[in-house]
Protein chains: 2
Amino acid sequence: MEKFFNPQSIAVIGASNSPLNLAATILALLRYNNFPGDVFAVNRKGESVHGFPGYTSVLEIPCHVDLAVILLSAAHVPEIVRQCGEKGIRHIIIESAGFSEAGEEGLRLQKEMEMHLKTYGIRILGPNCLGTLNTQNRFCCFYGFVPEKYGDSFFTPGTISYIIQSGGIGVLVLDSLAFDVCKVNKMVSIGNKSDLDEADFIEYFNQDNTEVIGMYLESVRDGNKLMRIARSVKKPILAFKVGRTEEGIHAAMSHTAGMATNDIIFESACKQAGIIRLKHISELYSLPKIFTTMPLLRGKRIAVITNSGAFGGIAADILIEHGMKLAKLAPFTQQRIQKTGQLFNVKNPVDLGPAMSKQMFLDIFEILLSAEEVDGLLAIPNVWQDVVIEAILELVNMCKHYNKPAALYVPNSIQKIISIRTKYNIPIFESPEEAVRALVVSNQQYHYLIKKEKLQEEFNLYHDNEIISCERER
Amino acid sequence: MEKFFNPQSIAVIGASNSPLNLAATILALLRYNNFPGDVFAVNRKGESVHGFPGYTSVLEIPCHVDLAVILLSAAHVPEIVRQCGEKGIRHIIIESAGFSEAGEEGLRLQKEMEMHLKTYGIRILGPNCLGTLNTQNRFCCFYGFVPEKYGDSFFTPGTISYIIQSGGIGVLVLDSLAFDVCKVNKMVSIGNKSDLDEADFIEYFNQDNTEVIGMYLESVRDGNKLMRIARSVKKPILAFKVGRTEEGIHAAMSHTAGMATNDIIFESACKQAGIIRLKHISELYSLPKIFTTMPLLRGKRIAVITNSGAFGGIAADILIEHGMKLAKLAPFTQQRIQKTGQLFNVKNPVDLGPAMSKQMFLDIFEILLSAEEVDGLLAIPNVWQDVVIEAILELVNMCKHYNKPAALYVPNSIQKIISIRTKYNIPIFESPEEAVRALVVSNQQYHYLIKKEKLQEEFNLYHDNEIISCERER
């Protein structure tokens with residue numbers, strides 16, 4: 001699997017100097033990122049592209065090739081795959097479209113290609129995909145990707161790894177995380193997944209430096225395999241699946257040829273396998289930061305703290321509607337809050353009014369985080385004074401100290417939210433609903449983790465007993 | 001009512017030169033905005049503030065005063081109101097907090113003050129409010145508002161008028177609309193609404209240049225009055241009400257002293273009175289643009305057009321879940337689409353794939369908008385090429401021509417969405433869910449309008465018959 005993200009040598013098949021040649025954009029990207037391995041172009045004329053040497057066939061390349069990337073019309077792909085097999089290439093990414101998603105002829109081509117895979121023991125990513133991205137070594141074989149347009153932020157190393165069944169979603173995620181506090185580790189676009197599928201990559205990301213796994217799915221290839229693997233993974237797995245309605249399923253099928261997946265079955269499979277199901281596509285990039293910056297939420301009792309009275313009520317509504325609870329503050333806690341200064345409301349939601357002292361914010365954060373009756377915070381400070389930013393900067397550390405999370409939203413324009421988030425690297429969500437959802441998924445992951453650890457204990461116990469009984473038999 | 005938004009002379013009571021004096025910020029704002037009328041400061045020392053002459057009492061001011069703005073501690077307010085009455089001031093804004101929202105003593109003060117209102121026939125806005133804003137003449141008496149911090153965008157004249165029961169929400173709306181295509185006409189913060197309430201301002205905004213009315217409510221003072229007035233208003237009325245849960249109601253009560261309003265009753269009152277109920281606070285500023293830039297949606301059959309395959313399925317799911325329908329494209333329409341060029345999918349959702357021709361976009365927009373089986377568009381173009389922006393710029397005009405709306409979302413980072421929206425003045429929504437909600441409320445308003453027009457016809461008919469029968473009797 002490593003070869004798909006960290007190849008030492010790579011052949012891009014279909015890359016030429018013709019105008020609008022898509023495969024050439026992959027070579028341009030490897031050049032832009034100063035990819036240190038050997039790179040070869042394969043095209044009809046055998047011409048070199050973007051300074052990388054060209055050949056008319058992979059069979060002519062004078063050294064070993066770790067990874068072949070194929071991007072030419074579907075009709076030629078089966079024969080090219082056969083040649084790759086002959087050359088000894090065992091890892092291929094097929095980015096071309098026109099296979100099972102494109103009707104009968106495409107399906108026939110896909111079957112023909114799959115024959116060669118078996119013959120040569122080749123592992124394939126795709127077809128109809130965008131390829132892979134690894135921010136750690138700046139390896140990326142996405143086609144049509146103009147790095148100058150997006151800047152280097154796409155390659156800033158992070159700890160979230162994505163498995164996506166649509167290149168467009170991949171670019172949306174990268175584009176959005178450029179303005180957020182957490183970044184991408186690896187990304188793989190799986191397309192029609194004729195061979196490797198989401199489960200294979202979950203397994204792989206469970207073993208590397210990934211902290212959170214995000215998935216965009218249009219179909220599930222092998223439900224049992226996905227559940228078996230997901231159950232053994234303790235990193236948070238977040239999944240957005242299209243096709244909650246008949247109409248959505250039909251639209252997705254024309255895109256990446258997935259089989260109709262019954263949504264109710266998928267929903268229950270997620271619950272059983274410990275996969276967090278996302279409600280909105282934006283949650284794929286907005287929610288991971290609750291895992292990378294905050295401890296897990298171990299209970300549902302939330303304290304709301306705001307300096308904008310309206311948001312006390314707004315937050316209370318959203319929390320309750322999402323299955324959370326408003327923590328009932330103990331008299332002792334309320335007394336401690338009262339002593340910090342003049343407040344509008346010492347009960348939960350705590351309303352500071354137009355307080356301007358950083359210390360007052362910090363005192364109340366500390367009182368709430370240390371209160372036994374509080375599992376986590378929903379903090380909604382209007383950042384109309386810089387001291388508020390200083391206070392919430394310290395909140396992140398306090399949360400780690402007390403091992404309780406805070407979800408932050410600031411009731412200012414989205415423009416201001418993004419500018420504060422990127423400037424100060426504070427995990428701020430873009431709406432109160434999003435902040436509450438972050439608490440919900442954090443708590444969900446906490447419960448999944450307990451369940452998974454129990455499962456493993458049982459497995460270990462069973463395994464130990466097996467060993468003991470084996471030894472006894474000896 | 002006009003005097004609250006367009007006074008010729010104003011006294012700010014409580015404004016002094018003490019550090020952190022909040023009322024003085026109102027004078028600073030009037031100065032910043034070059035308010036052309038007469039302005040007076042009233043304080044204990046009678047000192048002038050920000051260059052405006054000062055008096056120790058309104059009774060000393062040598063000329064008539066249209067509007068008094070009071071911002072000093074609640075205990076003094078009843079006596080000040082009495083003095084205003086004596087002076088002949090008939091319009092007062094009380095921004096001070098500490099009345100009915102603050103327990104028994106506050107309630108007593110509010111009652112005492114209300115006595116004076118009756119005696120002198122004074123109309124009051126507040127207490128516990130932020131006052132009024134009128135972008136047409138740049139009159140604004142919001143306290144604590146630092147114009148230098150927000151820039152002039154807050155005073156860019158627009159056509160949406162807001163009635164808000166929280167100053168914080170007012171600032172959030174203004175802050176957000178600074179990065180959007182529609183702007184504020186007038187805004188009124190109603191606070192505890194001891195006299196004037198939401199219904200009074202709906203009635204007022206129905207007669208001025210307002211196009212859309214937005215409301216943030218924590219309580220409803222007089223449900224029957226609100227319903228009676230809303231029923232007669234044909235401009236779209238959008239309302240967000242806090243307190244959908246017990247917990248939300250309690251939080252709101254501590255904020256602006258509203259009575260608990262049963263949410264189910266409010267919901268059904270909205271439906272009967274033709275008020276569009278909002279689901280998220282952000283809809284208060286995100287959704288009005290569907291009314292100011294697009295025709296109403298007259299049916300539920302939506303055509304989706306995208307160049308990012310994944311969003312075909314994502315959009316289909318959201319549309320169906322929101323009660324919309326995917327338009328079934330007639331064979332003739334599909335043939336016309338097919339002829340425009342190479343597409344990924346000619347059925348609905350229409351997937352253009354990585355099409356780069358502006359004309360192709362325009363052709364398909366035209367085909368879909370002119371199709372009888374389509375009521376409106378959900379357009380989700382990835383703007384990875386400038387030609388796409390040029391195409392959607394023309395879409396806005398085409399929608400007017402065909403009298404059908406398009407809701408636009410572009411699957412790019414929120415940062416990019418905002419930058420395109422403000423640079424090109426295109427009504428782009430910030431998520432696919434928001435775009436679908438815009439279609440939903442547009443269709444809702446269409447149906448409300450039919451109902452309201454019918455009601456009026458019946459009323460007119462009844463009225464005509466009355467006249468006829470009166471004449472007959474003569």
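A: In this predicted model, A:His91 stands opposite A:Arg123 of β6(A). The strand β5 of chain A, residues 91–94, runs parallel to β6(A) and is joined to β6(A) by three bridges. Both strands belong to an open sheet of six strands in chain A, in which the order is β3-β2-β1-β4-β5-β6 and the pairing is parallel. Because β3 (54–55) and β6 of chain A stand at the edges of this sheet with a single partner strand each, one side of each is left without a neighbour in the sheet.

Chain B also has an open, parallel-paired sheet of six strands with the order β3-β2-β1-β4-β5-β6, and there β3 (54–55) and β6 (123–125) are the edge strands, each pairing on one side only. Elsewhere in the sheet of chain B, strand β1 (residues 9–13) and strand β4 (residues 67–70) run parallel and are joined by four bridges, with B:Val12 standing opposite B:Val69 of β4(B).

To return to chain A, its domain assignment gives domain 1 (1–127), domain 2 (156–293) and domain 3 (294–445). The centres of domain 1 and domain 2 of chain A, taken over C-alpha atoms, are separated by 25 Å, and 13 residues of domain 1 of chain A are in contact with 13 residues of domain 2 of chain A. On the side of domain 1 that touches domain 2, α4 (104–120) and β6 (123–125) of chain A each supply at least two residues. By class, that side of domain 1 of chain A has seven nonpolar, three polar and three charged residues.

The contact between the chains takes 50 residues from chain A and 49 residues from chain B. On the side of chain A that touches chain B, the elements giving two or more residues are α6 (167–177), α9 (246–256), α13 (310–321), α17 (414–424) and α18 (432–473) of chain A. Of these, α13(A) gives the most, with nine residues, and the residues of this side of chain A divide into 20 nonpolar, 21 polar and nine charged. Since 98% of the interface residues of chain A are also interface residues in chain B, the copies meet through the same surface.

Chain A is superposed on chain B by a rotation of 180° with 0.0 Å of shift along its axis, at an RMSD of 0.0 Å. The two copies are thus related as by a two-fold rotation axis, and in chain A the C-alpha nearest that axis is the one of A:Gln415, at 3.6 Å from it.

Helix α13 of chain A also holds A:Ala315, which counts as buried because it has 31 C-beta neighbours inside 10 Å. Leaving aside neighbours within four places in sequence, A:Ala315 is in contact with A:Val304, A:Thr306, A:Pro349, A:Leu378, A:Ile380 and A:Pro432.

As for the confidence of the prediction, the mean pLDDT of chain A is 92, with 96% of its residues reaching 70 or more, while the model scores ipTM 0.93 and pTM 0.94. Where pLDDT is low, the predicted coordinates should not be read in detail.

Terms used: Residues numbered from 1 in each chain as written. Chains lettered and ligands numbered in written order. Predicted model: local features only at pLDDT ≥ 70, side-chain atom pairs only at ≥ 80, totals over all residues. Contact = placed C-beta atoms within 7 Å. Nonpolar A, V, L, I, M, F, W, Y, C, P; charged D, E, K, R; others polar. Least-squares fit on C-alpha atoms with pLDDT ≥ 70 in both. pLDDT = per-residue confidence, 0-100. Domains from an automatic or database assignment. Pairing = 2+ DSSP bridges. Buried ≥ 20, exposed ≤ 12 C-beta atoms within 10 Å, placed from the backbone.
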